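Let's take a friendly walk through the charged side chains of a protein. Have the sequence and the 3D view ready.

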Amino acid sequence: MNMKNISVAVAGASGYVGGEVLRTLLAHPGVEIGSVTAASNAGERLGSLQPHLTPIANRVLDPTDAEHLSGHDVVFLGLPHGASAEVAAMLGDDVLVIDCGADFRLQRSEDWAEFYGGEHAGTWPYGLPELPGQREKLVGARRIAVPGCFPTISTLTAMPAVLADLIEPDITVVAPTGTSGAGKKLATTFLGSEVMGQVSAYGVGGVHRHTPEIEQNLRVAGALDPVVSFTPILAPMARGILATASAPLRDGVEKGDVAEAYTRAYADEPFVHVLPEGTWPQTKSVLGANAVHLQATVDPRARKLVAIGAMDNLAKGTAGGAIQSMNIALGLPEGAGLTSVGIAP
């Protein structure tokens, strides 16, 4: 496809995900932004809700319907969970539909029923190119399910150890994250006075919806019946995730084996960076970037792998990963419109 002829629509443009998709698309050399749509905010100026998007601030938000989404080459869906299937059904098979929600991520209908409830809409090609075999599945795809932000960072943080069979498939992930991961919604727990100056755990005890998705990804990477204990933590920041993954080591595994496995796994990946020994990831280094920073070591007393990954939940964790997948699907340079350079301080 000619890079100068890609027409893109964004549904859910008034939310955090839709805004980040648009921000990233504005830097893409081959994209023309068409309709920007919303539900309850239809009829408002985009700039009144996304004032940072100055080049398109005067656009008026259209309703999210077939009339306004049809006729585009690509449609991004930044909609609440459970809303994407109905909208996607309005669009033809020739349109590349990229869902940033959860509707089509899971392979097992029983996982959907347990963690989301209701009828499972189905499974689309999964937009995590770094997962074994996924990049090839995205080539020419016309439907893509963007991973959840926690599954992206958790998978990429633990995966090299799984690929090299260095750990038992009993993995604990603890991940502080910024408030934007919950989207734009009115809730007491996200008021400034509730968030500032403290951290708090939520979704404790294996109930967070991203748990089966992390396990699904580790199965794809070769883990046999992986069990993930996942605890998210709400931190007083707008963006970012810092995930710590730990797991018991196989007999005979040493620190050098871990370093070699992580370096080898991501040697050819443009957006995943294993840091020099002794340097640990930090969220500020990846803000605004389609990048993951990783480091891993061995805790010799506990005989455990300890791996840490940092990522911007809205960039590589959602919008950047979605556009990376779009580029692959359309045969464009994978890094078109994307940067691995963060914003600091």
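Side chains of opposite charge can pair when their charged atoms come close.

Before going on, note that this is a predicted model, in which local features need pLDDT of at least 70 and side-chain atom pairs count only at pLDDT 80 or more, while totals for chains, interfaces and linings use all residues. Residues are numbered from 1 along each chain as its sequence is written, and side-chain values use heavy atoms, with hydrogens and water left out.

Helices are DSSP runs of H or I with at least four residues, numbered from the N terminus. Glu20 is buried, at 2% relative accessible area, and Arg23 is partly exposed at 32%; buried means under 20%, exposed over 50%, and partly exposed in between (1.4 Å probe, protein chains only).

Now look at helix α10 (residues 255-265), where Glu260 and Arg264 are 4 residues apart, about one helical turn. Their side chains meet in a salt bridge of 3.3 Å, N to O.

Another salt bridge joins Glu334 and Arg135, with the closest N and O atoms 3.0 Å apart. This pair links distant parts of the chain, 199 residues apart: Glu334 is in the segment after α11 (315-330), and Arg135 is in helix α6 (residues 134-138). The whole structure holds 11 salt bridges.

Technical notes. Salt bridge = Lys/Arg side-chain N within 4 Å of Asp/Glu carboxyl O. Helix = DSSP H or I, 4+ residues; strand = E, 2+ residues; numbered from the N terminus.
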